[in-house]
Amino acid sequence: MDRVPLEQPRPRAVRTIVYQVTAAALHLAEFVLIVTALLVGLGTVVIWVGIPILMATTSLVRGAGNLERRYVRRMLDTPLPPAERAPVDGGVLRRWRYRLVDPTTWRDLGYLLVSLPLSVVEFAIGLASVILLPMAIWVAPWVGWARGSLALALLGPNRAKRLEVKAQHLQASRARGVDAAEAERRRIERDLHDGAQQRLVSVAMSLGRARTKFDRDPDAVRELIAEAHTDAKLAVSELRDLARGIYPAVLGDRGLDAALSAQAAKSPVKVDVRVDVDPRPPAAVESTAYFIVGETLTNVAKHSGATEAAVKVWRADEKVIVEITDNGHGGAELRPGGGLAGLADRAATIDGVLTVVSPAGGPTVVRADLPCAW
């Protein structure tokens, strides 16, 4: 599985409110235990009693930090990986000394100390969100996003590790993009060989036969020329379809709204299209969104058993979000070598991410997050 860059998404409202209401008690307990243990340990260190207390406090801080990572990851959808702590050989004092110089320990402590005052504010917002719907829809998720970003900054990997993860993601995206481009090249080559090329060969053969019979059998020549004319028109039509498959003219001339509406009009399934992407995104993003919608609607018509589908495309900060929903029987998934995996590869060429939610019985939601800068 590809590793994605560590960025905080906007969390879901219900889980965020639950976190804001319940986390206050946890942060209060952690704050009281850690501060009390620190004060007692530092106050009694001169009589040696404080040393084991401080050792226990260090373990408490690290354990509480691990608990916070799991809780924030689950409730706020924060991509927080577990802390990477290298094993240390030796005695108790050696292991404790390593923990004291480990930057992760101090970052855990900093997060735990600032969490209590922040939790007081979040607790009030969470309670208000239970009563006031506008708070639950707009305020609580953004406050949860800020909390997740803080956790990601303090509890997540350091900057060097994040850059390493991003480099790994870009390397994987590049490899998938190369594979997708190679598959597209093979498709174009196959379509040319099996379609227009065969038509043009037939045209050449018909004209050749007509030339040999030009003086002897005018009626046969007339039929051969008519046949060649038909094949030439079919070849032109197939070449036009192939060119449209590479980059449709309506997309370049009129943008995503017109291009996706034209796709929806050709679908045997009723499709509702809503597009709001001003300002217009780059051509690569438009092309990727167009083909993701087209392939998904084709799959909906062939495999889903749906009677209705909806396509929504909108701007979110520096991203274009493409979401296709249908009321079919569900069960779609990203399988290696499958059609949806091919769409994920196409999205990866511009550092985008494609997700599929398709429980048994439906509905199916295919979503692509496509960055407008990469």
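Is tryptophan 142 buried, partly exposed or exposed? Point 5 takes this up.

1. Basis. This is a predicted model, in which local features need pLDDT of at least 70, side-chain atom pairs count only at pLDDT 80 or more, and totals for chains, interfaces and linings use all residues. Residues are numbered from 1 along each chain as its sequence is written, and side-chain values use heavy atoms, with hydrogens and water left out.

2. Helix 2 and helix 5. Helix 2 covers residues 50–75 and helix 5 covers residues 133–155. Helices are DSSP runs (H or I, at least four residues), numbered from the N terminus. The two pack at an angle of about 140°, with their axes 11 Å apart. Axes are lines fitted to C-alpha atoms, over the stretch in contact, and angles run from 0 to 180 degrees between N-to-C directions. Helix 2 is therefore oblique to helix 5. Angles under 35 degrees count as roughly parallel, over 145 as roughly antiparallel, 65 to 115 as roughly perpendicular and the rest as oblique. The crossing is left-handed: the near helix is turned anticlockwise from the far one by less than a right angle, whereas clockwise would be right-handed. Helix 2 brings Gly65, Glu68, Arg69 and Val72 to the contact, and helix 5 brings Gly148, Ala151 and Leu155. Contact means heavy atoms within 4.5 Å. By class, three of these residues are nonpolar, two polar and two charged. Here Ala, Val, Leu, Ile, Met, Phe, Trp, Tyr, Cys and Pro count as nonpolar, Asp, Glu, Lys and Arg as charged, and the others, Gly among them, as polar.

3. Helix 2 and helix 3. Helix 3 spans residues 92–101, and its axis comes within 11 Å of the helix 2 axis, crossing at roughly 50°. That makes helix 2 oblique to helix 3. This crossing is left-handed. From helix 2 come Ile51, Leu54, Met55, Thr58, Ser59 and Arg62; from helix 3, Val92, Leu93, Trp96, Arg99 and Leu100. The contact has seven nonpolar, two polar and two charged residues.

4. Helix 9 and helix 10. Helix 9 (residues 256–266) and helix 10 (residues 283–304) have axes that come within 10 Å and cross at roughly 15°. They are therefore roughly parallel to each other. The crossing is right-handed. Helix 9 contributes Leu256, Ala259, Leu260 and Gln263, while helix 10 contributes Glu286, Ala289, Tyr290, Val293 and Gly294. Six of the contact residues are nonpolar, two polar and one charged.

5. Aromatic pairs. The whole structure holds three aromatic pairs. Rings of Phe, Tyr and Trp (its six-membered ring) pair if their centres lie within 6.5 Å; planes under 30 degrees apart count as stacked, over 60 as edge-to-face and the rest as tilted. One of the pairs is tilted: tyrosine 19 and tyrosine 71, 5.3 Å centre to centre, with 40° between the planes. It joins helix 1 to helix 2, across 52 residues. Tyrosine 19 is buried, at 1% relative accessibility. Tryptophan 142 and tryptophan 145 have centres 6.1 Å apart and planes at 70°, so this pair is edge-to-face. Both lie in helix 5, three residues apart, about one turn. Tryptophan 142 is partly exposed at 43%, and tryptophan 145 is partly exposed at 35%. Buried means under 20% relative accessible area, exposed over 50%, partly exposed in between (1.4 Å probe, protein chains only).

6. Glutamine 20. This residue is found in helix 1, residues 13–43. Glutamine 20 is buried, at 2% relative accessibility. Leaving out residues up to four places away in sequence, glutamine 20 touches Glu122, Phe123, Ile125, Gly126, Ala140, Val143 and Gly144.
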